[in-house]
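The sequence and structure come first, and the notes follow.

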Amino acid sequence: MDLSARYPRLHVSSHPLVAHKLSLLRDRATEPKKFRELVRELSWLIGYEAMADLATQPMAVETPLEPMTGAELGPRIGLIPVLRAGLGMVDAMLELMPTAQVWHIGLYRDERSLQPVEYYNKLPDAATVQVCLILDPMLATGGSSAATVDILKHWGAARIKQVSLIAAPEGVATLSAAHPDVDIHVAAVDRALNERGYIVPGLGDAGDRQFGTFAGPSSEPSRGPADETIEVVRRLQRNLTGE
Ligand code: PRP
Ligand code: URA
């Protein structure tokens, strides 16, 4: 789904390598080892695209032949993996930017209300970076992302980007409405949320698929939803269509 005209801060990769790797990632037969490798590779590709507009400053370089003016990254960068699923994106981003700081935020989504619950945050009092890249493979209702941006703005981050693999239109709408200044970089925007708040077609539960934590049929993304959950999803869908 191409929502880029409606949401100017939304950037959906059009790279064929991204499309290929994302299809392998979605496949239910992809086991955790391969899944982790693909998350890493896709993070590298989407992260590279997300950093295309970072500011640089002139830097003196002596090549073996003569001096020249090169470029170095200007802003201090912070990587903000959202636990758990964002962990799998960190190594690739550190390969791209070895000097980036990594600040973990622990959030999980309450299964019934779909609201984010914060359980880990060790940010110091004042921001130590200028640009924050939030790393989380899934942007579903957008609640976890909007809450993370709230935390980072309160911290004093000057610029914030969301780097994800798959978004739902509902999540893009929620995040864009709450924080219109935040860039959203994704490999794909899928069709919708299902009644349990999972992205469809999506890839299932990104944390469970990375870490092999399958707790049985009761925790499957296709299990029947609670009424409360259905109502939350319907409200998000009404917001999206403006009904
Ligand atoms: C997943 C995902 C996001 C969140 C997205 O985490 O990694 O953090 O859900 O959903 P939202 O956009 O509706 O808020 P989850 O709550 O499953 O926690 P986990 O990574 O610890 O499994
Ligand atoms: N979290 C996931 O891991 N997958 C979804 O589809 C939605 C939230």
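**Ligand surroundings and backbone notes**

Around ligand 2 are Arg-109, Met-138, Ala-140, Gly-197, Tyr-198, Ile-199, Gly-204, Asp-205 and Ala-206, where a residue counts as near a molecule if one of its heavy atoms lies within 4 Å of it. This is a predicted model, in which local features need pLDDT of at least 70 and side-chain atom pairs count only at pLDDT 80 or more, while totals for chains, interfaces and linings use all residues. Residues are numbered from 1 along each chain as its sequence is written, chains are lettered from A and ligands numbered from 1 in the order in which they are written, and side-chain values use heavy atoms, with hydrogens and water left out.

**Ligand 2**

- By class, the shell around ligand 2 has five nonpolar, two polar and two charged residues; Ala, Val, Leu, Ile, Met, Phe, Trp, Tyr, Cys and Pro count as nonpolar, Asp, Glu, Lys and Arg as charged, and the others, Gly among them, as polar.
- A backbone N or O atom of Ile-199 is 2.8 Å from an oxygen atom of ligand 2, a polar contact being a pair of N or O atoms within 3.5 Å; within protein, one must be able to donate a hydrogen and the other to accept it, and residues adjacent in sequence count only if both atoms are side-chain atoms.
- A polar backbone atom of Gly-204 lies 2.8 Å from a nitrogen atom of ligand 2, and a polar backbone atom of Ala-206 lies 2.8 Å from an oxygen atom of ligand 2.
- On its own, ligand 2 has 240 Å² of accessible area, of which the protein covers 88%; accessible areas come from the Shrake-Rupley method with a 1.4 Å probe, and for residues only the protein chains shown count as cover.

**Ligand 1**

- There are 14 residues around ligand 1, and Arg-109, Asp-136, Ala-140, Thr-141 and Ser-144 come nearest.
- Polar side-chain atoms of Asp-136 and Ser-144 each lie 2.5 Å from an oxygen atom of ligand 1, and one of Arg-84 lies 2.9 Å from an oxygen atom of ligand 1.
- Ligand 1 taken alone exposes 500 Å², and the protein buries 90% of that.
- Strand 6 (105-109), strand 9 (138-139) and helix 4 (143-155) are the elements that give two or more residues to the shell around ligand 1; helices (H or I, at least four residues) and strands (E, at least two) are DSSP runs, numbered from the N terminus.
- The shell around ligand 1 has six nonpolar, four polar and four charged residues.

**The largest pocket**

- On a 1 Å grid over the protein atoms alone, a pocket is an open set of points where a 1.4 Å probe fits, with protein on both sides within 12 Å along at least five of seven lines, and lining residues have an atom within 4 Å of a point.
- The volume of the largest pocket is about 750 Å³, a volume being the space filled by probe spheres set on the points, which are joined across faces, edges and corners.
- Of its 32 lining residues, Tyr-108, Arg-109, Tyr-198, Asp-205 and Gly-207 are the closest to the centre of the largest pocket.

**Backbone**

- Leu-83 and Arg-84 are joined by a cis peptide bond with omega about -10 degrees, and Arg-84 lies in the loop between strand 4 and helix 3 (90-96).
- Val-200 and Pro-201 are joined by a cis peptide bond with omega about 0 degrees.
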